[in-house]
Amino acid sequence: MATNFSVMLFQRQHFGNEPGIFDDIEPNVPFAGSTKDFTFDCPDVNPRETAFLMFQSRDVDHQRNVFQINGVDVFGGLPASPSREAWNGNILLIEPRHQLRATGNVLHVESRNSSGGRGDGIDDFIIDNVVILYKTPDFFWTLPAAAGDFAAFLTKELLPSIPNVRGSGRDANPADQHNQYVLPIASQLASWRAVFQSLLAGAWGPAHRLARMISSTYNVVQFFDTPTGRTYYVLMEGVPGQIPAPANHFSGVTITDPADPTRRGWGSYVFAAQPQRALSLSAPHPHDDLETEVEAVEAFLALGARTLLIAGADRDQNTAEAPCEQSSRPYLEADVSHTAESVFQMAFEEIYSSDTSTWHLQFHGNANPTLACQDVDVFLSNGVEVAPAMLYALSANIATASRAAASGGPVLRVDVYDAPGDCALRGTDNMQMRFASGLRHATICAQGNIPVGPSRFIHVEQRPDARRAPTDPAATPGRNRGVVVAGILATFP
Ligand SMILES: [Zn+2]
């Protein structure tokens, strides 16, 4: 338990009704009169713990003077002085009944006569240097810890904890839509930025504490991966083995009480303690963009990337439409790539802004290629037609990895968005893409505010063959997600 202190009174104060009576022993002592209140603050105080007061006093004749904190008598009162000739040091206990708070506490001192009454004959005494020492919550929290196969935890527990909504957009199955995604409010999102800043600074304990102050469902879990000996920090709801079940709501709800145990669906965020590559990967559309969530996990672990962002709900979980630029689909409010005010967006913006070198790859999938996408399996977009060289490098490396694995068999066709007639799935209405391109947060939501410049963000749009596991019976050696990860590996050595 940590402690802090506040000075309540730093100057001698003469209480009573005879100014000048101490001129012989304490000349020029300020005269307070019969009573005075002193307000004081106790930043970060834990009011459930006992605090104590230290102060000096002189010539207190009896025990009937009034000495209160926040309107409650301090036990023992102002101690009587054995002698007028010397200062006395005092220590008094302040208990939970005094209800210390962060600001606006009041010390009330009042001189009384020996019968406890007011008026003539009240006591004359001096007090000085009143200091309160109090306890604060521990700054360094013990993080929840887990050990085991991290890949298995992510793919067999965390991802399956996100309920699937069959169908997509307009054709989402109403039987699967339960509005389980809770809408974050502005003040919560502002606090989440601070959480991500702490995580990026490696301040895991403070991040854990801050996250729990927003929603007690969230924890920063220290996960030791036994197969590799690597450590990861996972901001997640619940802890491994105890992920809270989703709750159904009639429509999009907000939850402001941090203690409310209801699952929020705000996503999971993994930070590698010792990353090997300046890469951040994200999966904003788990389940709906089939297997992209597993692809992101596999790529994150295989590449030794810095961070992994996974949305906490199927994009079609809530029934209301997303507030930002729409499409014919339509986009719904649990879709974190099409909603500016999400925890996922806060995570992305803080991580993206935290350096100028990390590249950010986001995995998407399309099942029904139209819009000039029928001839491409992996379509890389930077949101602007003049694509950065990195996209061509990645494109070439994925194609090369595919050819090498295919040994003459079918390969993945890869393309970069750089011409008006290209595949229309370019992520230009994607909130992460828009922010990365240089748009301010406040402007990304609005209709028509397409990316304004090149960035370190790559929107990876893929047909099902590019997302399949190499072990999937439908996969071929040259057409599977292992090839895509190999291409990324070759691009960011
Ligand atoms: Zn998608």
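## A proline and its contacts

Which residues does Pro163 touch, not counting residues up to four places away in sequence? In this predicted model, its partners are Gln180, Pro246 and Asp314.

Pro163 itself sits in the loop between helix H1 (150–158) and helix H2 (186–200). Pro163 counts as partly exposed because it has 18 C-beta neighbours inside 10 Å, while a buried residue would need 20 or more.

## Helix H4

Let's move on to H4, which covers residues 292–303. Its 12 residues reach 16 Å from the first C-alpha to the last, close to the 16 Å expected at 1.5 Å a residue.

How much of H4 is buried? The count is 10 of its 12 residues, so the helix is largely enclosed by the rest of the structure. The buried residues are Thr292, Glu293, Val294, Glu295, Ala296, Val297, Glu298, Ala299, Phe300 and Leu301.

## The domain layout

Finally, here is the wider view. The chain is divided into two parts: domain 1 spans 2–136, and domain 2 spans 145–491. Taken over C-alpha atoms, the centres of domain 1 and domain 2 are separated by 59 Å.

Notes:
Residues are numbered from 1 along each chain as its sequence is written. This is a predicted model: local features need pLDDT of at least 70, side-chain atom pairs count only at pLDDT 80 or more; totals for chains, interfaces and linings use all residues. Domain bounds come from an automatic or database domain assignment. Helices (H or I, at least four residues) and strands (E, at least two) are DSSP runs, numbered from the N terminus. The expected span of a helix is 1.5 Å times one less than its number of residues. Two residues are in contact if their C-beta atoms, placed from the backbone, lie within 7 Å.
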